[in-house]
Amino acid sequence: YVVLCAYAKGTLNEIEHHMCPWSRKAAVGSLSVTTESGILISHIEKFDQEQVRDLFSNTYSKLFDEFPAVRKMVKTALKSDLSDKTEDSLEADNSSIGYRYMKWGGIFLVAIDKPTPDTRRVVGCVGLRPCKRGEGNIRGTLRHSYEIHRLAVDQDCRGKGIGRTLLMAVDRFISLSLGRLHIQFQIVATTPAILSPANELYQKMGFSAKEEKMMGKLTMNTYVKESTTAVFSLR
């Protein structure tokens, strides 16, 4: 059988989640939410990629001169999981970043400030992917373990709860992916100690500090949170 669907301009994503549950976006459709401050949380689109790359780079740019290891880390990220280069034909019309994380069994989300049909300004982002049991020193100690990547919030938009909402969406994605309630899972996150807002956010969201490591002259903090799957609102 063949099913053909036509959509009005600007309604594709929302309608596709309901009419075409077999599509690659269906699994993340219910994660889309608009906060009271007008911030939309949704999966990354192809036209978000350049802004995401700039946002991630700008988050660390002030550390480049003092910490060469940070410059190397960002450069590596932009060439690997944050690369905008397509790897196969299925990525041609989709976000390479989002497709990459989807193939890994994860998701890449963006926060959009007051989106309109003509504008889509990315002010936050986060990636999530499963990590294998025993991977690294403390990663993957549970059967269902995940690692946060590339969490960033625009400096001009901090204090609006964007980081908090992105991390809540990550929790909800895990619950939807595992498909049942009361399944225990673990989330691991690593961030430079010098980035105070990120460290404070993880602690406020229930993460516990587990490890400190040196990356060149830079101290990296690793946080872990254990939780169980649940159904909840992102608002």
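User: Which residue stands opposite Ile39 in E3?

Analyst: Strands (E, at least two residues) and helices (H or I, at least four) are DSSP runs, numbered from the N terminus, and two strands pair if DSSP finds at least two bridges between them. Here, Ile39 stands opposite Asp113 in E3. E2 and E3 run antiparallel and are joined by five bridges. Before we go on, note that this is a predicted model, in which local features need pLDDT of at least 70 and side-chain atom pairs count only at pLDDT 80 or more, while totals for chains, interfaces and linings use all residues. Residues are numbered from 1 along each chain as its sequence is written, and side-chain values use heavy atoms, with hydrogens and water left out.

User: What is the strand order in the open sheet?

Analyst: The order is E1-E2-E3-E4-E5-E6-E8-E7, eight strands with mixed pairing. E1 and strand E7 (208-215) each have a single partner strand and stand at the edges, so one side of each is left without a neighbour in the sheet. As a general idea, the side chains in a regular strand alternate between the two faces of the sheet.

User: How do E1 and E2 pair?

Analyst: Strand E1 (residues 33-34) pairs with E2 in the antiparallel sense, over two bridges. Val33 has Ile41 of E2 as its bridge partner. The hairpin of E1 and E2 has four residues between the strands, and Gly38 in it takes a positive phi near 85°. Elsewhere in the sheet, nine bridges join E6 to strand E8 (residues 218-228), and this pair runs antiparallel. There, Pro192 stands opposite Met220 in E8.

User: Which residues other than glycine have a positive phi?

Analyst: Two cases are worth a look. Lys114 has a phi near 40° and sits in the loop between strand E3 (107-113) and strand E4 (121-130). Arg150 has a phi near 55° and lies within strand E5 (residues 145-153).

User: Is Arg150 buried or exposed?

Analyst: The general idea is a cut-off on relative accessible area: buried means under 20%, exposed over 50%, and partly exposed in between (1.4 Å probe, protein chains only). With a relative accessible area of 18%, Arg150 is buried. Asp154, in the loop between E5 and H5, also counts as buried, at 17% relative accessibility. Contact means heavy atoms within 4.5 Å; leaving aside neighbours within four places in sequence, Asp154 is in contact with Leu55, Arg121 and Val123. For the chain, 50% of the 235 residues count as buried.

User: How many residues of H5 are buried?

Analyst: In general, an α-helix has 3.6 residues a turn, so residues three or four places apart point the same way. In this structure, 14 of the 17 residues of H5 are buried, so H5 is largely enclosed by the rest of the structure. H5 (residues 162-178) reaches 25 Å from its first C-alpha to its last, close to the 24 Å expected at 1.5 Å a residue, where the expected span is 1.5 Å times one less than the number of residues. Gly179, which follows H5, has a positive phi near 80°.

User: Which residues have the most contacts inside the largest nonpolar core?

Analyst: A nonpolar core is a set of buried Ala, Val, Leu, Ile, Met, Phe, Trp, Tyr and Cys residues joined through side-chain atoms within 4.5 Å. The largest one has 32 residues, and Leu128, Ile148 and Phe207 have the most contacts inside it. H5 gives the largest share of this core, nine residues. Beyond four places in sequence, the contacts of Leu128 include Tyr101, Ile148, Val170 and Phe173.

User: Where is confidence lowest and where is it highest?

Analyst: pLDDT is the predictor's confidence in each residue, from 0 to 100. The mean is lowest in helix H1 (residues 12-19), at 47, and highest in helix H2 (residues 49-60), at 97. The chain averages 84, with 80% of the residues scoring at least 70. Over residues 9-15 pLDDT stays under 50, and the model has five contacts beyond four places in sequence for them. Residues 21-26 also stay under 50, with 14 such contacts.
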